[in-house]
Amino acid sequence: MTNTNQYLKKIGLEAKKASHLMAKVSTQQKNDALTFLMGLLNSKAATVLKANEKDVQAAKKNKLDRASIDRLIISSKTIDSMIKGIKDIIDLRDPIGEIVHLNSRPSGIQVGQMRVALGVIGMIYESRPNVTIDAASLSIKSGNAIILRGGSESIHSNIALSGLIHEALKKSGLSIQAVQVIDSTDRSIVKGLIKLNDFIDVIIPRGGKSLTKMISDEATVPVIKHLDGNCHVFIDKDADLNKALKIIENSKTQRLGTCNTTESLLISKHIARDFLPKIVKMLHQHKVEVRGCKETLKLVKGIKKASEDDFYTEYLDAIISCKIVDDIDEAIHHINKYSSHHTDAIVTENYERAMRFLKEVDSSSVMVNASTRFADGFEYGLGAEIGISTNKLHARGPVGLEGLTSLKYIVLGNGHIRK
């Protein structure tokens with residue numbers, strides 16, 4: 001543990017120094033680093049793919065589940081998506097140094113707020129190696145330093161990607177300590193990282209519920225988190241059923257292993273008799289198992305009974321829970337009780353009920369007539385995201401550039417004194 005503590009103190013100190021340097025960096029320098037990174041991802045894609053193949057083969061050998069392997073894989077399409085994400089971040093306005101809410105006071109001073117970087121971010125994540133690029137890119141553009149600790153299952157991929165990031169930082173004249181990727185799989189490092197208060201300003205966990213809960217419970221550094229993504233779609237009695245069928249299909253079946261995939265379906269009793277069989281038929285065609293309430297079982301044969309735990313569950317698999325509800329009041333109550341407060345949607349043509357749903361559902365993203373799969377930094381125009389927060393303080397929803405900044409008060413005077 002002594003060696004671990006020394007290692008963490010070293011990288012923490014380097015990150016803190018780098019964060020002070022990043023505070024001085026121009027937008028052009030940050031964009032240059034990101035432009036170089038795009039070029040390196042393109043020219044050295046084969047190196048990244050080869051490293052990733054080692055991780056994928058090891059994951060299969062260790063019998064990781066299908067969803068975990070799916071999140072681990074880097075393909076040529078994934079690299080293209082990484083490059084596109086970086087390009088979008090480059091195109092975003094740099095928020096650092098922006099002055100807002102500047103007002104003159106009766107005393108003659110001007111009071112406003114300036115947007116500044118958080119400082120040093122510690123990020124702990126599992127499986128997805130593309131997170132390494134997203135997080136590093138957002139951290140560079142927002143003027144932060146970041147310490148990245150990926151999962152052991154993606155170690156080769158992350159080391160390969162960190163090499164490209166350091167090459168891009170060096171080429172643009174920035175400190176390579178602005179992005180540090182921990183190359184050890186020692187689990188004690190996570191326990192130490194989340195208590196590194198002297199150097200780290202915020203911890204962002206991105207992974208399974210057990211990892212996030214452990215970090216939330218044990219961290220002494222502030223945490224931006226979400227535990228899981230138990231997302232709902234509610235089909236209102238005034239829904240356009242063609243829209244509803246497409247939205248459910250996309251929300252649940254486009255990709256099973258993501259936190260914005262729909263895991264729970266609510267249907268108004270007024271349309272359930274005619275519409276539910278069509279939904280179940282579509283889901284069964286996609287080999288999705290439906291687990292329903294007792295009213296659901298009366299209307300459709302061949303589905304399993306849902307337990308109380310099912311309504312709380314983020315499956316990340318080809319399973320969905322289903323409940324028939326009396327009205328929007330019951331739907332909102334059910335969502336606020338069982339949801340993980342990530343993303344929930346209503347399908348309706350009724351404006352009043354749509355507005356009620358938006359106001360009363362207590363989640364970080366609430367949608368009308370759209371797939372929950374849109375809950376994503378890229379889709380929201382943030383360029384990319386470092387994670388999705390279900391916190392209510394500091395950042396909520398997809399965390400992009402502004403989520404990695406804070407505001408400090410500034411006062412402008414000309415020899416003013418308080419009387």
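Lys243 is partly exposed in this predicted model, because its relative accessibility is 33%. Lys243 forms a salt bridge with Glu349. The closest N and O atoms of this pair are 3.0 Å apart. Lys243 belongs to helix 10 (residues 241-253), while Glu349 sits in the loop between strand 12 (343-347) and helix 14 (351-360), so the contact ties together parts that are 106 residues apart in sequence. Glu349 also counts as partly exposed, because its relative accessibility is 45%.

The side chains of Lys252 and Glu263 meet with an N to O distance of 2.7 Å. Lys252 lies in helix 10 and Glu263 in strand 8, so this pair connects parts that are eleven residues apart in sequence. Lys252 counts as buried, because its relative accessibility is 0%. Glu263 is likewise buried, at 0% relative accessibility.

Asp329 and Arg356 form a further salt bridge, also at 2.7 Å from N to O. Asp329 is placed in helix 13 and Arg356 in helix 14, so the pair ties together parts that are 27 residues apart in sequence. Asp329 is partly exposed, with 42% relative accessibility. Arg356 is partly exposed too, with a relative accessible area of 24%. The structure holds 29 salt bridges.

Strand 11 was examined next. Seven of its seven residues are buried. In a regular strand, side chains alternate between the two faces of the sheet. In strand 11, Ile319, Ser321, Lys323 and Val325 point one way. Ile320, Cys322 and Ile324 point the other way. The residues on both sides are buried.

Strand 11 pairs with strand 8 (residues 262-268). The two run parallel and are joined by five bridges. Within this pairing, Ser264 has Ser321 as its bridge partner. Strand 11 also pairs with strand 9 (residues 289-292), again in the parallel sense, over four bridges. Here Gly292 stands opposite Cys322.

The whole structure contains two aromatic pairs. One of them joins Phe311 and Tyr338, with 5.8 Å from centre to centre and 55° between the planes. This geometry is tilted. The pair links distant parts of the chain, 27 residues apart. Phe311 lies in the loop between strand 10 (304-305) and strand 11 (319-325), whereas Tyr338 lies in helix 13 (residues 328-338). Phe311 counts as buried, because its relative accessibility is 8%. Tyr338 is buried as well, at 9% relative accessibility. Ring pairs link Phe311, Tyr312 and Tyr338 into a cluster.

A nonpolar patch was found on the surface. Ile99, Leu102 and Leu412 form this patch. Together they have about 240 Å² of accessible area. Leu412 is located in strand 16 (residues 405-412). Leu412 counts as partly exposed, because its relative accessibility is 39%.

Definitions and conventions: Residues numbered from 1 in each chain as written. Predicted model: local features only at pLDDT ≥ 70, side-chain atom pairs only at ≥ 80, totals over all residues. Heavy atoms only, no water. Patch = residues over 30% accessible without salt bridge, like charges linked within 9 Å, V, L, I, M, F, W, Y side chains within 5 Å. Areas by Shrake-Rupley, 256 points an atom, 1.4 Å probe, with all protein chains shown as cover. Salt bridge = Lys/Arg side-chain N within 4 Å of Asp/Glu carboxyl O. Buried < 20%, exposed > 50% of the residue type's maximum accessible area, 1.4 Å probe, protein only. Phe/Tyr/Trp six-rings, centres within 6.5 Å; stacked < 30°, edge-to-face > 60°. Pairing = 2+ DSSP bridges.
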